[in-house]
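Visitor: Hi, I'd like to look at a structure with you. Can you show it to me?

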Amino acid sequence: MGNSTKQTLAAIGTGMKRALPIVLGYVPIGFAYGVLAGKGGLSEANTLLMSLIVFAGSAQFIAVGLFAAGTGPAAIILTTFVVNLRHMLMAASLSPHLAGWKKRHLAFFSFELTDETFALHSLKAASLGECRLEALSLNVTAQVSWVVGTVLGIVASGLIGDIKPMGLDYALAAMFIALLVGQCENRVRVVTAIFSGGIATLLYLAGWHQFHIIAATVAGATFGLGVEHWTKD
Amino acid sequence: MAVVTYLPRLLPTLFLSGRNLRPIIIAWLRLVPPAVLAAMLAPSLLVREGHVDLGTDNLFFWAALIAFPVAWKSKSLFATVVVGMGLVSLGRFFGVGL
């Protein structure tokens with residue numbers, strides 16, 4: 001085995017290892033998604049296809065909820081678009097570190113950019129330039145575990161009468177809690193989160209049921225930036 | 001749905017990769033993840049049927065009060081999800097909440 005082959009395998013292995021915490025989270029959440037989709041009346045093929053070609057946990061949960069409520073395709077697509085807009089900001093924040101990547105690698109990397117993979121990549125953002133293979137391996141491992149969870153959920157969906165006794169409808173909220181805590185490493189970020197959460201709740205109460213997320217995000221990040229500058233002086 | 005998921009993830013990396021953004025923009029972008037996660041989470045924990053409900057019926061809120069410290073201590077997505085779902089499940093088993 002040549003030296004470069006060894007390095008390649010080592011990079012893939014490191015990526016897979018780094019993805020482990022995501023795998024542990026994605027299998028049960030993917031499972032919950034598979035079960036909820038089945039209960040919501042989505043066909044097995046479509047449920048699986050979403051995990052393969054959409055690969056967006058919250059958007060998939062929300063789509064299943066809307067589908068079950070009889071919402072039309074246009075409204076589902078618009079809603080998932082709004083929910084996904086946050087990835088635009090996440091992708092933008094990683095992009096300065098992706099210099100030197102080929103377009104096709106960027107295309108593949110972006111396809112598997114989720115809240116969770118983003119969180120891991122942003123911890124090692126500075127070295128993304130040199131660790132392309134490791135980053136891609138991390139992403140692929142994450143998606144495989146998401147698909148595996150989905151398949152298990154689809155299979156179990158027929159066997160489970162009601163999801164509520166298992167608390168499966170809490171999977172998404174619990175996932176967000178874990179991700180949010182991981183993001184709150186200093187006081188400014190905690191303040192940002194509280195402010196954004198407060199604004200989102202107020203807007204939601206005021207009847208904004210889709211755009212409250214993006215509006216509160218922009219308001220929260222801007223407010224946090226202000227606090228950061230104000231506390232520096 | 002695949003398209004509206006992919007485009008927001010793709011376009012910034014394709015057009016911004018390697019560019020030097022102004023420091024203030026970078027500082028703002030760094031605050032986006034906590035802001036967006038909190039914005040998605042807060043209403044789902046606090047609001048029930050159009051108003052803020054922190055009563056015992058709102059299991060999601062009470063489970064979160066425990067899930068937050070668990071996430072903080074364990075730093076584990078898996079532990080947080082299992083504890084969170086477990087608490088909601090237990091609560092319902094004992095007839096608390098909806």
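Visitor: What radius of gyration does chain B have, and what would a compact globule have?
Guide: Chain B has 19 Å, while a compact globule of 98 residues would be near 13 Å. The radius of gyration is taken over C-alpha atoms, and the globule rule is 2.2 Å times the number of residues to the power 0.38.

Visitor: What box do the C-alpha atoms of chain B fill?
Guide: Roughly 55 × 30 × 25 Å, taken along the principal axes.

Visitor: Is this an experiment or a prediction?
Guide: This is a predicted model, where local features need pLDDT of at least 70, side-chain atom pairs count only at pLDDT 80 or more, and totals for chains, interfaces and linings use all residues. Residues are numbered from 1 along each chain as its sequence is written, and chains are lettered from A and ligands numbered from 1 in the order in which they are written.

Visitor: What is the mean pLDDT of chain B?
Guide: The mean is 89, and 98% of the residues of chain B reach 70 or more. pLDDT is the predictor's confidence in each residue, from 0 to 100.

Visitor: Where is confidence lowest and highest in chain B?
Guide: Lowest in H2(B), with a mean of 89, and highest in H3(B), at 95.

Visitor: And what ipTM does the complex get?
Guide: The predictor gives an ipTM of 0.90, along with a pTM of 0.81.

Visitor: How many helices and strands are in chain B?
Guide: Four helices and two strands. Their pattern along the sequence is α-α-β-β-α-α. Helices (H or I, at least four residues) and strands (E, at least two) are DSSP runs, numbered from the N terminus.

Visitor: How much of chain B counts as buried?
Guide: 46% of its 98 residues. A residue is buried if 20 or more other C-beta atoms lie within 10 Å of its own, exposed if 12 or fewer, and partly exposed in between, with C-beta atoms placed from the backbone.

Visitor: Now the two chains. How many residues are in contact?
Guide: 62 residues of chain B are in contact with 80 residues of chain A. Contact means that the C-beta atoms of two residues, placed from the backbone, lie within 7 Å.

Visitor: Which helix of chain B gives the largest share of that side?
Guide: H2(B), with 21 residues. The side of chain B that touches chain A divides into 45 nonpolar, 12 polar and five charged residues. Ala, Val, Leu, Ile, Met, Phe, Trp, Tyr, Cys and Pro count as nonpolar, Asp, Glu, Lys and Arg as charged, and the others, Gly among them, as polar.

Visitor: Switching to chain A. Which residues of H6(A) are buried?
Guide: In this helix, residues 103-111, the buried ones are Leu106(A), Phe109(A) and Ser110(A). They cover an arc of only 95° around the axis, so they sit on the same side of H6(A). The arc is that of the directions from the helix axis to the C-beta atoms.

Visitor: Why would residues three or four places apart point the same way?
Guide: Because an α-helix has 3.6 residues a turn.

Visitor: What do the buried residues of H6(A) pack against?
Guide: Helix H5 (73-94) and helix H8 (132-157) of chain A, together with H1 of chain B.

Visitor: One more. Is Tyr204(A) buried or exposed?
Guide: Tyr204(A) is buried, because 22 other C-beta atoms lie within 10 Å. Tyr204(A) is in helix H10 (residues 187-205) of chain A.

Visitor: What does Tyr204(A) touch?
Guide: Not counting residues up to four places away in sequence, Tyr204(A) touches His209(A), His212(A), Pro43(B) and Val47(B).
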